[in-house]
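I opened this notebook to record what I looked up in one structure. The entries follow in the order in which I made them.

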Amino acid sequence: MTTVLYQEWLHEWDLKLKQEKRNILLLQDNFSGHVVPDNLQCIRIKNFKPNLTSLIQPNDQGNIHCFKAHYRAKFIERAIDRYDTGVTASAIYEINQLEAMRLADKAWKEVDAMTIRQCWKKSGILPDIVPTVLQPLVSISSLLATSDLLNPVADTEMEVTVALDGLQCRGVLQVSNRMSLKDLLNPVAESSMMDETSDKEIYCVVMEAQHGNSMTNDDSIEDGPVNPPPTCHEALEATLVITKYVEDMDDPLARTLEKNLGSFRRLLHTAEFKSMVPSRLTDYFTSKPNQTFS
C-alpha cells in the first residue's frame, strides 16, 4: 500500500458514496501510507491509536492466521503429492504465481462463516446476540459445534502439523530443520514495519525483483528447454485411470469425483475437436514438380 494508491481508492469510493447519498465513518490502522486527502465529502476517517491493531481489528483475531494456516497446509500437501510422483526433493516446493493464487483461493474458501464470526466476537465488536435474520449460512459441522468447543485457529494449525508430519515421514523434512508453527505462519519478513519506507524505495525494490526474474528466465532458457505440459490425449488417459481406480470405492467423494472427471473429459474432447485442422484431398498425394490438382 502506498499513499497514491490509498488516495485513489478513497476518491473512487467517495464518489460512489456521493452518488448513493451515503455518509460513512472509516476506522483504520495508523499506517504511514494512510494520508487522508482533504477533499473527501462522504467519508470521515478516524485512525486507531498506535499498537491497537492486534487487539481490536477482527482480522487480527484469527481470520488471517486461519487463512495462512489453510494455505500452508495445502502448499505442503501439494509438495508431498509432487514428491510421491517422483519429483526431486529440491523441486517439490516450486510453484508459479497462478498455482499460488488458486491455492490462496481454496484456502480462503475454507475460512467459513463460523470462523469469521468467532474471530469478530473475540474482538468485542460483534454482540453476543445477533438477530436471526442476520445469521450467516454455515456448514452442518459448524452448526453441530458448540461455541465452547469451536476453536478454528487450533483446527487449522492441526492441518499444518499433519502436513508437516507427512513430509517428515517421507524423510524430506528433518526434525532439526522443522520450523515452529509460529515462525512458519508469521515469518519475520512479514512482521517488519514499513513505516519508514518511501514510495521511491518500494518502486526500486519492485524493479530489482522484476530484473532478477528476467535474468532467471533467461538462465532457464540457456539451461535447456522447459518440459512441455501433458497433451490432451495424455490428460484423457489420466482421467480414465482415476475413474477406474475410484469406481469400486463406496464413498460419496468418489461419486463426485467420477462426475467431475466425466465433465472434464467432455471438456477435453471439445478442446481436441476444436484444435483439429480440416484436411484436403491433396494432403494424401505426393505432388510431382509442375503438377497441379483441380
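**Entry 1: helix 3 and helix 7**

I began with a pair of helices in this predicted model. The axes of helix 3 and helix 7 (residues 152-169) come within 9 Å and cross at roughly 20°. Angles under 35 degrees count as roughly parallel, so helix 3 is roughly parallel to helix 7. I also noted the handedness: helix 3 passes helix 7 in a left-handed crossing.

Next I listed the residues that meet. Helix 3 contributes His65, Cys66, Ala69, His70, Arg72, Ala73, Ile76, Glu77 and Ile80. From helix 7 come Pro152, Val153, Thr156, Glu157, Glu159, Val160, Ala163, Leu164, Gly166 and Leu167. Sorted by class, the contact of helix 3 with helix 7 has eleven nonpolar, four polar and four charged residues.

**Entry 2: histidine 70**

Histidine 70 lies in helix 3, which spans residues 63-84. Is histidine 70 buried or exposed? Its relative accessibility is 4%; buried means under 20%, so histidine 70 counts as buried.

Which side chain makes a polar contact with the side chain of histidine 70? I found that of glutamate 159, at 3.2 Å. With neighbours within four places in sequence left aside, histidine 70 is in contact with Ala107, Glu110, Val111, Thr156 and Glu159.

**Entry 3: helix 11 and helix 12**

I turned to a second pair of helices. Helix 11 (residues 232-246) and helix 12 (residues 252-274) pack at an angle of about 160°, and their axes are 10 Å apart. Because angles over 145 degrees count as roughly antiparallel, helix 11 is roughly antiparallel to helix 12. Helix 11 passes helix 12 in a left-handed crossing.

On the side of helix 11, the contact is made by Cys232, Ala235, Leu236, Thr239, Leu240, Ile242, Thr243 and Val246. On the side of helix 12, I recorded Ala254, Arg255, Leu257, Glu258, Leu261, Phe264, Arg265, Leu268, His269 and Glu272. The residues of this contact divide into eleven nonpolar, three polar and four charged.

**Entry 4: threonine 2**

Lastly, I looked up threonine 2, which is found in the segment before helix 1 (3-20). Threonine 2 has 15% relative accessibility and therefore counts as buried. Where does the side chain of threonine 2 reach? I found that it reaches the backbone nitrogen of leucine 5, at 3.3 Å.

Notes. Residues numbered from 1 in each chain as written. Predicted model: local features only at pLDDT ≥ 70, side-chain atom pairs only at ≥ 80, totals over all residues. Heavy atoms only, no water. Axes fitted to C-alpha atoms, helices over the stretch in contact; angles between N-to-C directions. Helix = DSSP H or I, 4+ residues; strand = E, 2+ residues; numbered from the N terminus. Parallel < 35°, antiparallel > 145°, perpendicular 65-115°, else oblique. Left-handed = near helix turned anticlockwise from the far one by under 90°. Contact = heavy atoms within 4.5 Å. Nonpolar A, V, L, I, M, F, W, Y, C, P; charged D, E, K, R; others polar. Buried < 20%, exposed > 50% of the residue type's maximum accessible area, 1.4 Å probe, protein only. Polar contact = N/O pair within 3.5 Å; in protein donor to acceptor, adjacent residues only side chain to side chain.
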